[in-house]
Amino acid sequence: MKAVIAEQYGGVEVLEIDDDLPLPRVGPNGVLVQVHAASVNPVDWKLRQGLLDAVMPVVFPVIWGRDLSGLVTEVGPSVTLFKPGDEVYGMKDGYVAKTYRGTYAEYVVVPEKSLAPKPKNLSYEEASAVPASGLTAWQAMVKQGKLKPGQRVLIHAGAGGVGVMAIQIAKAFGAYVAATASTRNQDFLRDLGADLAIDYTREKVHEIRPRFDLVLDGVGKSVWADSFGALKVGGRLVTLTAPIPNKSTGRLKFFATAISGLASGIGRGLLSGKRLLVTRVKPRGGELEKVSTLIEAGKIRPVIEKVFALEQIAEAHRLSEAGHVRGKLVIRIRG
């Protein structure tokens with residue numbers, strides 16, 4: 001089996017192709033998937049850079065990656081939802097006991113509950129661009145944000161992976177959607193269905209009226225003040241990015257930064273009658289099936305900026321780290 005292995009040499013991480021790995025073993029609730037495509041998420045390179053070591057320390061070598069789409073080749077004895085030959089997609093949380101076994105590989109074992117049938121109208125590459133970003137948008141807006149038809153929703157970073165999904169999900173729910181992006185992405189936001197495209201380099205969201213019921217933040221603490229100003233009383237600001245140090249650090253500094261940042265945000269919200277909530281995405285196949293329903297109904301489409309070969313994973317990570325990716329970066333593993 002071939003996979004991208006992350007190894008450390010003298011404290012420097014190197015991504016290497018290893019084409020002689022054994023197939024992973026399937027446990028009672030596991031599904032062995034022949035991976036056709038994966039995609040890059042910011043958490044992949046944040047883990048790689050050690051930014052999350054305080055909460056997710058890893059022992060090298062590791063295999064990064066969360067998203068996948070592919071073909072079921074074997075199932076565990078307790079699996080009832082899938083069988084060999086099924087086309088599936090999903091998100092895998094590969095972190096277990098300081099190891100990480102993710103999806104940048106030809107074969108991956110995924111818990112049954114983390115998978116869903118692949119939407120029939122998507123290719124493997126298109127499907128791989130959906131799980132983490134689609135689940136993040138769903139869990140942040142629908143589960144935590146209590147999204148309802150007719151509400152006014154503001155989505156920061158609307159051109160990014162989560163933003164692309166969030167705009168379309170909110171529109172499918174019948175919300176009025178405003179979204180922020182750079183100047184070059186204003187028409188792109190409108191093409192996704194945004195009712196109001198906001199150029200964050202020129203416009204202040206707290207000046208927009210009427211105010212919003214829900215704000216989704218994929219940027220970080222720098223937009224919280226404006227976001228609270230844009231919310232109506234009783235509104236919710238759901239953030240995907242808790243404040244953390246911008247370089248690898250110890251647990252004490254990591255948690256001190258996160259707790260103090262969140263405490264100030266929560267306090268500010270309470271004083272103005274608003275709420276700050278944090279979303280940490282979970283791999284739930286049942287919720288991904290709900291996203292699939294919207295995809296097959298033509299209400300959601302994934303956006304892919306570029307497709308890379310597995311051997312180009314380092315280049316894909318560099319592009320993701322630079323920011324300003326429109327939609328997702330996909331890794332073609334088979335096909």
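The exercises below work through selected residues of a predicted model.

Residues are numbered from 1 along each chain as its sequence is written. Local features need pLDDT of at least 70, side-chain atom pairs count only at pLDDT 80 or more, and totals for chains, interfaces and linings use all residues, while side-chain values use heavy atoms, with hydrogens and water left out.

**Exercise 1**

Solution: 
- Step 1. Helices (H or I, at least four residues) and strands (E, at least two) are DSSP runs, numbered from the N terminus.
- Step 2. Lys 290 counts as partly exposed because its relative accessibility is 45%. Buried means under 20% relative accessible area, exposed over 50%, and partly exposed in between (1.4 Å probe, protein chains only).
- Step 3. With 41% relative accessibility, Lys 146 is partly exposed.

**Exercise 2**

Task: Is Thr 279 buried or exposed, and which side chain does the side chain of Thr 279 contact?

Solution: 
- Step 1. Thr 279 lies in the loop between β15 (275-278) and α8.
- Step 2. Its relative accessibility is 8%, so Thr 279 counts as buried.
- Step 3. The side chain of Thr 279 has a polar contact with that of Gln 144, at 2.2 Å. Such a contact is a pair of N or O atoms within 3.5 Å; within protein, one must be able to donate a hydrogen and the other to accept it, and residues adjacent in sequence count only if both atoms are side-chain atoms.

**Exercise 3**

Task: Describe the peptide bonds from Phe 60 to Pro 61 and from Arg 209 to Pro 210.

Solution: 
- Step 1. The bond from Phe 60 to Pro 61 is cis, with omega near 5°. Pro 61 is in the loop between α1 (42-48) and β4 (67-75).
- Step 2. The bond from Arg 209 to Pro 210 is cis, with omega near -5°. Pro 210 is in the loop between β12 (196-199) and β13 (212-217).
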